[in-house]
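The entries are kept in the order of the look-ups.

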Amino acid sequence: MCLAIPALVKSINGRQAEVDVGGVRRGVSIWLTPEVKVGDYVLLHTGYAINIVDEAEAKETLRLLREMVSQTE
Amino acid sequence: MEDKILLAHGSGGKLSHDLISKNFLPLFRNPLLDKLDDAAVFELNGRLAFTTDSYVVNPVFFPGGDIGKLAVCGTVNDLAMSGATPLYLSVALVIEEGFPLADLQRVMKSVQSAAEEAEVQVITGDTKVVNRGSADGLFINTAGIGVVPRGVDISGASARPGDRVVISGTIGEHGIAVMSQREGLRFSGSIESDCASLNKLVADMLATGGRIHCLRDPTRGGLAGTLNEFAAQSGAGIKITEEAIPVQDAVHAACELLGFDPLHVANEGKLVVIVDRDDAEKVLAKMRRNRLGKQSAIIGEVVAEHPGRVVMETCLGASRIVDMPVGELLPRIC
Amino acid sequence: MRFATEYRDAGLGKRLIERIHRRSTRPVRLMEFCGGHTATIVRYGLRQLVPPTIEMLSGPGCPVCVTASADLDKAIYLAQLPDVIITTFGDMLKVPGSYSSLQQAKAEGGDIRIVYSTQDALDIARNNPAKSVIFLGIGFETTAPTVAASVLEAVQEGIGNYYVLSLHKLCPPVIKALLDSGEVRLDGIICPGHVSAVIGSLPYHFIPADYGIACAISGFEPLDVLLGIDMLVTQIEKKQPEVVIAYRRGVNVEGNRRALEVMEQVFEPCAANWRGMGIIPESGLKLRQEYGGFAAERAFQIEIEPPREPEGCLCGDILRGVKTPLDCRLFRRECRPEHPVGPCMVSSEGSCSIYYLYGGSYGG
């Protein structure tokens, strides 16, 4: 539960990162995802990145959805 | 002169007089104000529209405007929403002791530019200063007078089934712009308050001769608040389509970040108009030719079903109720 | 917005709904555990759109709603102490306690500040060294690691005036308690997406194994929830319950190891008081001994009157999925968002609030 939205990491400074959500920028803590890199997308919850978005899986989910709806059964 | 406002500035003595004559009067030169009488005396013919408002926005300066601009635009808009041509404003200040003079000058300059832009005159005012802690920096109270042209009869109770609902542009910018500056919520981005005077847009719309039934600016309570008011006052239902409502991407993003619904966020430079279905296209076209109505869109219609209720068709085709927002918008986590 | 907007595609959504209609042949009962899922379901009208074979219940996954009156009373007590600043997420402000609310305490002079993040609470602590800054720790495993991180940050920086009142709760234990109560017969559970981003999928394996109930860990966009429902229908039709991750871009099997480590370093499980369900062992979090200095209950002597639940309030039953808001005689009458009786009407993820704002009896 809880609001967590995908945010793009624009810069990193120690335990802090600046992220961009649809043009809105905010400083967040990467204490829970120290391995994150600039250009990654993270799930942002209450000012912290709680996980790194798996972009390959994201693509795969969309592909799966499109395939599922074109099956007739 | 001191760089902070002192209690003495509000007490009517020399310091008060200096403050007003050096900082306010030069900005608003007009025959009525220059008389400096206790009341401005003038003649007006016709039906009058009269409104009052108080502005307590915090912070005083925000992206896209400040409390001064807001005070003028808000008052002008209240008059314009009754179809009135706004003419005169009063501006009364309640200043907290210690408020920086430079900030006050900046706010008053905003009042001046906004008044010029809207073609209204500030003809009377008042200045009080209260103890530190008794006001949040600066409060502004205004009153405004305008004249309603003959034949113009606009009321929130006039919506009829079949009427079209039109919004003059993208929603949610003002509330988000102000939120972005609050302690504990800080974020930056391209979102600026849409604060603007809508009287000329309204004049354009009235000039089309289209049958405009309801007109309101969705300020506190947002678009949801205004549509619910219309539905309740008119005893009709309103149906809108989610995909038709214009919202900037950045506003969507900020709303997601904070957990707000754009329909509940305040606007200060937009209007909602309910217009007879046969006149909708021509009013819409006129709106789009105005700088402040470029992104006007028809977002729904008035219906006989579910009187008093606003229902929105979501992108998946199902419907949900759009209710009045309750109280202050609080950012949420879950 | 990337990784969000694509999962709201109306065209795909409508076709996915059609597919679910084709494939769901028998009556099933699904529970969406999490308030965030309830919000998506009602916001997009998904209950109206799924076939009549699928009945959907809302569960107790709203951390605000399940906060017991007694715990709220503690927070209100703290708010009234001198030189104390309470920092809290906005959700908590209007929830009624036994006798008052934080909003009322604020009106009576309590220094209560809404924050978006514990990061902001730490800032307030830094900027107000003469005051004690207490953070109200609510939330499940999504939020607990962020609060734990704030404690570690305070340790690192030597911030001595920061405290946490831990009201955090855990999901798998309450799901188990719900299933053990036997009150609700379920065929499938839509599991919380962001809790799972932290804890992974393994903690849910007991659900199909011990109870034969299907699980799908879902994200929060409408396509995510529909995908979760589709996956549950597949498992149920095949009579093969298991735990599947529908939200693959956000959740992996082991979860976020680092977040779990941080959470476990600072917190340990304890019994917790769940509104509507009473005390559930090992279902909450408290600060470990080493971090006891940050615990608000230790730093401040909290004295509260005997707690009481509002009369006639059905929040407890609603949270367990046994009743819906429409069954409550206070709903829309004495209990409305502007004067709520129970927390389910306050929290934007509470069933009652969601029914009131978005659905209620209109279209469901």
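This is a predicted model: local features need pLDDT of at least 70, side-chain atom pairs count only at pLDDT 80 or more; totals for chains, interfaces and linings use all residues.

**Entry 1**

**Entry 1. Chain A by itself**

I looked up the secondary structure of chain A and found one helix and five strands. Read along the sequence, the order is β-β-β-β-β-α. I then compared the radius of gyration of chain A, 15 Å, with the 11 Å that the globule rule gives for 73 residues; the value is well over the rule, so chain A is more spread out than a compact globule. I also took the extents of the C-alpha trace of chain A along its principal axes, which are about 50 × 25 × 25 Å.

**Entry 2. The contact of chain A with chain C**

How many residues does each chain bring to the contact? I found 33 residues from chain A and 39 residues from chain C. On the chain A side, the elements that each supply at least two residues are strand S1 (5–13), strand S4 (41–45), strand S5 (48–52) and H1. Of these, H1(A) gives the most, with nine residues.

The crossing of H1(A) and H1(C) is left-handed. I listed the residues that meet: Leu65(A), Arg66(A), Met68(A) and Val69(A) come from H1(A), and Leu12(C), Arg15(C), Leu16(C) and Arg19(C) come from H1(C). By class, this helix contact has five nonpolar, no polar and three charged residues.

**Entry 3. The domains of chain C**

The domain assignment divides chain C into domain 1 (1–304) and domain 2 (315–358). I computed the separation of their centres, taken over C-alpha atoms, as 18 Å. In the contact, 26 residues of domain 1 of chain C face 19 residues of domain 2 of chain C. Which elements give two or more residues to the domain 1 side? They are helix H2 (35–43) and strand S2 (54–61) of chain C. H2(C) gives the most to that side, with six residues. I counted the classes on the domain 1 side as 14 nonpolar, seven polar and five charged.

**Entry 4. Chain B as a whole**

**Entry 5. The domains of chain B**

Chain B is divided into domain 1 (7–148) and domain 2 (164–321). Their centres, taken over C-alpha atoms, are separated by 27 Å. I found 21 residues of domain 1 of chain B in contact with 21 residues of domain 2 of chain B. On the domain 1 side, helix H3 (67–80), strand S4 (85–96) and helix H4 (101–118) of chain B each supply at least two residues. H3(B) gives the most, with eight residues. The classes on this side are 13 nonpolar, six polar and two charged.

**Entry 6. The packing of H3(B) with H4(B)**

I then asked at what angle H3(B) and H4(B) pack. The angle is about 30°, with the axes 7 Å apart. Because angles under 35 degrees count as roughly parallel, H3(B) is roughly parallel to H4(B). The crossing of H3(B) and H4(B) is right-handed. From H3(B), the residues in the contact include Ile67(B), Ala71(B), Val72(B) and Val76(B). From H4(B), they include Val107(B), Val111(B), Ala114(B) and Ala118(B). By class, I recorded 11 nonpolar, two polar and one charged residues in the contact of H3(B) with H4(B).

Terms used: Residues are numbered from 1 along each chain as its sequence is written. Chains are lettered from A and ligands numbered from 1 in the order in which they are written. A crossing is left-handed if the near helix is turned anticlockwise from the far one by less than a right angle, and right-handed if clockwise. Helices (H or I, at least four residues) and strands (E, at least two) are DSSP runs, numbered from the N terminus. Two residues are in contact if their C-beta atoms, placed from the backbone, lie within 7 Å. Ala, Val, Leu, Ile, Met, Phe, Trp, Tyr, Cys and Pro count as nonpolar, Asp, Glu, Lys and Arg as charged, and the others, Gly among them, as polar. Domain bounds come from an automatic or database domain assignment. The radius of gyration is taken over C-alpha atoms; the globule rule is 2.2 Å times the number of residues to the power 0.38. Axes are lines fitted to C-alpha atoms, for helices over the stretch in contact, and angles run from 0 to 180 degrees between N-to-C directions. Angles under 35 degrees count as roughly parallel, over 145 as roughly antiparallel, 65 to 115 as roughly perpendicular and the rest as oblique.
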